[in-house]
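I opened a new notebook page for this chain.

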Amino acid sequence: MRVRFGTCRGAALAAAMVGVATLATSETRAQCVDEELKRELVGGRHYRGVQERLFTKTFRHELSAMGGVMAADLYSSRWLAGGAYTFHFSEDLGLEASVQLTRFRSEVTDSYERRYPQIQVLDNPDKPGTLYFGHLVWSFAYGKLRWLGGGVSRFDFNLALGAGVTDDSTSRGVTGSGGIGTKFFFGQWFALRLDVRDHVLREVLVGDEHLVNDVLVTLGASVFFPFGG
């Protein structure tokens with residue numbers, strides 16, 4: 001009589017019917033369990049491994065528009081606005097170049113000149129200024145957010161270190177810069193950013209030279225190219 005078994009359980013029963021040793025029967029059952037577990041995992045799509053990033057930056061270009069406020073040591077707090085271009089060498093490192101416009105005004109010197117009109121402390125106490133800077137940006141941490149039970153987006157934290165020029169009549173030499181920032185990424189090409197930078201420079205006011213720290217806080221939006229990255 002010829003019997004055909006098409007399943008693992010059938011193979012085990014056949015082994016018992018022909019008098020196979022107990023060790024061989026155990027190996028057959030173990031193989032059946034492995035096969036059943038494999039089918040269950042595949043059928044349930046229980047995959048394990050590294051998941052793709054929700055938003056990629058490597059070898060992409062980033063254009064940003066930003067605006068905010070600058071709290072200066074020798075001047076009154078003023079608005080600033082500008083833009084930045086960043087090329088991302090990897091998910092962690094990028095090189096940023098930025099230009100920002102502002103005005104430098106000192107309320108102290110204004111009061112002094114109103115009290116003593118015969119003395120001019122500055123040629124123009126309310127004058128425009130431009131900030132030209134380059135930064136190396138390191139994204140040191142990132143995470144994911146679920147918005148009100150809806151879609152998931154990515155965010156990261158970054159450190160920036162660089163230098164540049166503060167173009168106004170009182171600054172002297174190169175301005176050092178450093179700070180921290182965060183970005184929230186939406187879709188495949190759009191992000192919101194928040195940056196806090198500290199500018200260290202020397203300025204001359206009323207004949208005295210001062211080492212000052214100007215703190216800049218900006219909020220902006222970024223577009224990444226190519227769009228489908």
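The entries below follow the order in which I looked things up.

**Entry 1: the chain as a whole**

I note at the start that this is a predicted model. I counted the secondary structure and found three helices and eight strands. Reading along the sequence, I wrote the order down as α-α-β-β-β-α-β-β-β-β-β. I then looked up burial: of the 229 residues in the chain, 33% are buried.

**Entry 2: Ser139**

I went to Ser139, which is in strand 4, residues 126–146. Is Ser139 buried or exposed? Its relative accessible area is 11%, and the cut-off for buried is under 20%, so I log Ser139 as buried. Which side chain does the side chain of Ser139 meet in a polar contact? I find the side chain of Lys57 there, at 3.0 Å. Setting aside neighbours within four places in sequence, I list the contacts of Ser139 as Lys57, Glu91, Asp92, Asp156, Phe157 and Asn158.

**Entry 3: Asp92**

Asp92 is on the contact list of Ser139, and I followed it up. I place Asp92 in the loop between strand 2 (78–88) and strand 3 (93–105). Its relative accessible area is 40%, and I record Asp92 as partly exposed. Not counting residues up to four places away in sequence, Asp92 touches Val137, Trp138 and Ser139. I also checked Asp92 against Thr58: the two are 34 residues apart along the chain, and their C-alpha atoms are separated by 8.3 Å.

**Entry 4: Glu91 and Arg154**

Glu91 is also among the contacts of Ser139. I find a salt bridge between Glu91 and Arg154, with the closest N and O atoms 3.3 Å apart. Arg154 is in strand 5 (residues 152–167) and Glu91 is in the loop between strand 2 and strand 3, so this pair ties together parts 63 residues apart in sequence. I looked up burial for both partners. Arg154 has 3% relative accessibility and counts as buried; Glu91 is buried as well, with a relative accessible area of 12%.

How many salt bridges does the structure hold? I get eight.

I then looked at the salt bridge between Lys183 and Glu62, where the closest N and O atoms are 2.8 Å apart. Lys183 lies in strand 6 (residues 171–186) and Glu62 in strand 1 (residues 61–71), so the pair joins parts that are 121 residues apart in sequence. I mark both Lys183 and Glu62 as buried.

Glu62 forms a salt bridge with Arg193 too, and here I read 3.8 Å between the closest N and O atoms. This pair links strand 1, which holds Glu62, with strand 7 (residues 190–205), which holds Arg193, across 131 residues. For Glu62 I find a relative accessible area of 0%, and for Arg193 a relative accessibility of 2%, which counts as buried.

**Entry 5: the network**

Last, I traced salt bridges that share partners. I find Glu62, Glu96, Lys183, Arg193, Asp195 and Arg197 joined in one network.

Conventions. Residues numbered from 1 in each chain as written. Predicted model: local features only at pLDDT ≥ 70, side-chain atom pairs only at ≥ 80, totals over all residues. Heavy atoms only, no water. Helix = DSSP H or I, 4+ residues; strand = E, 2+ residues; numbered from the N terminus. Buried < 20%, exposed > 50% of the residue type's maximum accessible area, 1.4 Å probe, protein only. Polar contact = N/O pair within 3.5 Å; in protein donor to acceptor, adjacent residues only side chain to side chain. Contact = heavy atoms within 4.5 Å. Salt bridge = Lys/Arg side-chain N within 4 Å of Asp/Glu carboxyl O.
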